[in-house]
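Dear colleague,

I am handing over the structure below, together with some notes on what was found in it. Please read the notes with the coordinates open beside them.

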Amino acid sequence: MPKNLKMKSARAALDLSQDELAKRVNVTRQTISAVENGDYNPTINLCIAICKALGKTLDELFWKEGE
């Protein structure tokens, strides 16, 4: 699974640490790190929570180009 640079970029644009985002979506910092690094495939509910916290859509953060 490739790294999620779109999610990392959106988080950085809001000046949020992984820990701050994790608290907003009720998961651990390690979970956010794993999603960004492509080591964890999040549930749809977690994807939606992350999108809401970052003010983005599912397409903007989780849709791969060319699919």
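**Helix 3 and its surroundings**

The buried residues of helix 3 pack against helix 1, helix 2, helix 4 and helix 5. Please keep in mind throughout that this is a predicted model. The buried residues in helix 3 are Thr31, Ile32, Ser33, Ala34, Val35 and Glu36, and the helix is followed by Gly38, a residue whose phi is positive, near 80 degrees.

**The nonpolar core**

The largest nonpolar core has 14 residues, and those with the most contacts inside it are Met7, Leu21, Val25, Ile32, Ile50, Leu54 and Leu61. At least two residues of this core come from each of helix 1, helix 2 (18–25), helix 3 (29–37) and helix 4, with helix 4 giving the most, namely 5 residues. If residues up to four places away in sequence are not counted, Val25 touches Ile32, Leu46, Ala49, Ile50 and Ala53. Of these, Ala49 lies in helix 4 and counts as partly exposed, at 24% relative accessibility. Ala49 and Asn26 are 23 residues apart in sequence, and their C-alpha atoms are 8.9 Å apart in space.

**The largest pocket**

The largest pocket has a volume of about 380 Å³. It is lined by 18 residues, of which Asn4, Leu61, Phe62, Trp63 and Lys64 are the closest to its centre. The elements that give two or more residues to this lining are helix 1 (5–13), helix 4 (44–54) and helix 5 (58–62), and helix 5 gives the most, with 4 residues. By residue class, the lining of the largest pocket divides into 12 nonpolar, 2 polar and 4 charged residues.

Asp59 and Leu5 are 54 residues apart in sequence and 13 Å apart in space, C-alpha to C-alpha.

**Backbone angles to check**

Asp15, found in the loop between helix 1 and helix 2, has a positive phi near 60 degrees, and it is exposed, with a relative accessible area of 67%. Asn26, in the loop between helix 2 and helix 3, has a positive phi near 65 degrees, and at 71% relative accessibility it likewise counts as exposed.

With best regards

Notes:
Residues are numbered from 1 along each chain as its sequence is written. This is a predicted model: local features need pLDDT of at least 70, side-chain atom pairs count only at pLDDT 80 or more; totals for chains, interfaces and linings use all residues. Side-chain values use heavy atoms; hydrogens and water are left out. On a 1 Å grid over the protein atoms alone, a cavity is a set of points where a 1.4 Å probe fits but cannot get out, and a pocket is an open set with protein on both sides within 12 Å along at least five of seven lines; lining residues have an atom within 4 Å of a point. Grid points are joined across faces, edges and corners, and a volume is the space filled by probe spheres set on the points. Ala, Val, Leu, Ile, Met, Phe, Trp, Tyr, Cys and Pro count as nonpolar, Asp, Glu, Lys and Arg as charged, and the others, Gly among them, as polar. A nonpolar core is a set of buried Ala, Val, Leu, Ile, Met, Phe, Trp, Tyr and Cys residues joined through side-chain atoms within 4.5 Å. Buried means under 20% relative accessible area, exposed over 50%, partly exposed in between (1.4 Å probe, protein chains only). Contact means heavy atoms within 4.5 Å.
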